[in-house]
Amino acid sequence: MSLLRSWRVKEAAQRPVLVSYRGKVLRKLVRNKTAMAGLALMLLFLVVAIFAQWIAPYEPNKMDVMNIMSRPSWVHWFGTDDFGRDVFSRVIYGSRVSLRVGLSVSVLSGVLGALVGLISAYYQWLDNLLMRIMDTMLSFPAVILAIALMAVFGPSELNAIFALSIVYLPRTARVCRSQVLMVKEENYVEAARATGVGDMRILTCHILPNIMAALIVQQTLIFALAILVEAALSFLGVGTPPPTPSWGNILNESRDFLRIAPWTSLASGSVIVIVVLAINLVGDSLRDVLDPKL
Amino acid sequence: MVMVTLVLSFIIYGLMDLIPGDPVTVSLGTRATKELVEARREAWGLDEPFLVRYATWLKGVITRADFGKSFYLQEPVTQIIASKLPITLLLASLGLLLSVVIGIPMGVLAAAYKGCWIDKGAMVFATLGVSIPGFWMALNFIFLFAITLRWLPSGGYVLPTVSVVGWLKSLVMPVLAIGLINAGATARMMRSTLLEVLNEMYIAVARAKGMKERQVLIKHGMRNAMLPVITIIGLTYASLVGGTVVIETVFTIPGISRTLLIAVNKRDNILLTGCVLLIGIIFILINFVTDILYATLNPKIRYT
């Protein structure tokens, strides 16, 4: 008995520890300090955005005519703007717009882009047409395409999400297509086809899971880009319309009194940088972890 | 190419036609009489059905390179764009040049000293570059150089024919903002491409011959790494112009951005169509030329 048990213990010790691919990636990610720092910052901003009404000390649009453009103080952490509105509260509420737009765009353009990429890589006869369209869209400067689309849709947060999703769709589609072209030559795809699995099932169950890594990395970077471009659109006055505070239109309003109250611009701008930086750090680390070749 | 452009023109014209609002009501105000609105609508050819309008417009574009007349500015679209777009392209090109001048050496140094503080510093710079909005950088420059130090004008554009010094002064901040923002991405690209090249066999051969590391890096490494980098830089020119449009607004430079925003705000769809289509065509051409250049420079690539 005891001999058998000791043999079993010995065997268990010698057996290689089986860790799933997902487990390995997660472990690497947790050990990566920059990734964790970025993730922590992202979570912090997410919490701030969700609980904005409890965190913000003032109503974002409450005007205080006695305190116009007052310096940062304990009462108004980031000072007040030309209407006497508390900049700290406005920046907190602004995070809602930015994160909502960024997140929605990265999901929507991811889903649509993946669809286009899958179809064009899998069905060769559609490839030429679809990729030609994507190339044409890609050759436009993103901001100009976004401005033109916003003109058609009209300025609002929801329309900004649609416009930016269209603008960023081709990038995802390209990445997705090149990945599918690689994966579909793999043995397991061929084996699946040989056993009579249908196209739909091959695409969703065999190919899609294997291109997810590249897709997630790409969409993280688009998350960051979308926040930047949404801010640019609002800054130009074609994105989120005021008085809803968004980081872009706070910056736009701050331009007029940059000389007197530079803190408004400083606060909203630095917040954009911090969030986008955090997302980029997570994206870069994810890429390192998921694909050492890149 | 021609086919793509034609389809593109139809899509853009159709899309811009969907813009809610009406250039006639915008130009006449809401209190105009019905007859006046109808007369103007007829004069501008807006009473025709969509396909007829598109055909007339396309005929003008093809036969006379005439993109129509702006409703709001009452000037030919081609003329407006011809006077505004060069300023935008000049800014973007100078910005691109600056980003290359900063980015390439930085990328080479980072690759040469991989893992060392130079590398880490360059990569921090690169990550910051992709995370800072260009227009905010521009605002900070205005605060620093124009408001606090009073070295440069806070905005505006001086024609070189009026004053060369004034012209240069008005260019410094926008070009600096565009260049610095994009230098990071260039450095990162240079670094990764060079690192890849340095893994090649011929680099090992060069080192084995006893060549100096500096020569290996510049003669064998950089030469081979430059080609893909140049191509990618060419392809990112479009996004750079997008950024320039926003930065122009900050410095109130009369480039294409103001025209675009007028077109959007005044529902001037003929102007917007012209701007978007022309910019699209320009970039399709640029990408085409980059592709051909790449193929001619690199004998390994042949398009069949």
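This is a predicted model: local features need pLDDT of at least 70, side-chain atom pairs count only at pLDDT 80 or more; totals for chains, interfaces and linings use all residues.
A residue counts as buried if 20 or more other C-beta atoms lie within 10 Å of its own C-beta atom.

## Chain B: helices and outline

Chain B is built from 12 helices and has zero strands. Read from the N terminus, its elements run α-α-α-α-α-α-α-α-α-α-α-α.

How does the radius of gyration of chain B stand against that of a compact globule of 304 residues? Chain B has 24 Å, while such a globule would be near 19 Å. Along the principal axes, the C-alpha atoms of chain B fill a box of roughly 85 × 60 × 35 Å.

Contacts in chain B also reach along the sequence. Take those between residues at least 6 apart: 71% of them join residues at least 24 apart.

## The largest nonpolar core

The largest nonpolar core holds 149 residues. Which of them touch the most other members? They are Ala146(A), Ile147(A), Leu164(A) and Ala138(B). The largest share of this core comes from helix H10 of chain A, residues 199-236, which gives 18 residues.

Ala146(A) deserves a look of its own. Set aside its neighbours within four places in sequence. Ala146(A) is then in contact with Ala163(A), Leu164(A), Val167(A), Val229(A) and Leu233(A).

## A helix pair in chain A

Helix H3 (residues 33-50) and helix H12 (residues 262-290) of chain A meet with their axes within 8 Å. The axes cross at roughly 140°. Angles over 145 degrees would count as roughly antiparallel, so H3(A) and H12(A) are oblique to each other. The crossing of H3(A) past H12(A) is left-handed.

Which residues bring the two helices together? On the H3(A) side they are Thr34(A), Ala35(A), Ala37(A), Gly38(A), Leu39(A), Leu41(A), Met42(A) and Phe45(A). They meet Ile274(A), Val275(A), Ala278(A), Ile279(A), Leu281(A), Val282(A) and Ser285(A) in H12(A).

## Where the chains touch

How many residues does each chain bring to the contact? Chain A gives 32 residues and chain B gives 36 residues. On the side of chain A that touches chain B, the elements giving two or more residues are helix H6 (124-138), helix H7 (142-153), H10 and H12. H12(A) provides the largest share of that side, nine residues.

How values were computed. Residues are numbered from 1 along each chain as its sequence is written. Chains are lettered from A and ligands numbered from 1 in the order in which they are written. Helices (H or I, at least four residues) and strands (E, at least two) are DSSP runs, numbered from the N terminus. The radius of gyration is taken over C-alpha atoms; the globule rule is 2.2 Å times the number of residues to the power 0.38. Two residues are in contact if their C-beta atoms, placed from the backbone, lie within 7 Å. A nonpolar core is a set of buried Ala, Val, Leu, Ile, Met, Phe, Trp, Tyr and Cys residues joined through C-beta atoms within 7 Å. A residue is buried if 20 or more other C-beta atoms lie within 10 Å of its own, exposed if 12 or fewer, and partly exposed in between; C-beta atoms are placed from the backbone. Axes are lines fitted to C-alpha atoms, for helices over the stretch in contact, and angles run from 0 to 180 degrees between N-to-C directions. Angles under 35 degrees count as roughly parallel, over 145 as roughly antiparallel, 65 to 115 as roughly perpendicular and the rest as oblique. A crossing is left-handed if the near helix is turned anticlockwise from the far one by less than a right angle, and right-handed if clockwise.
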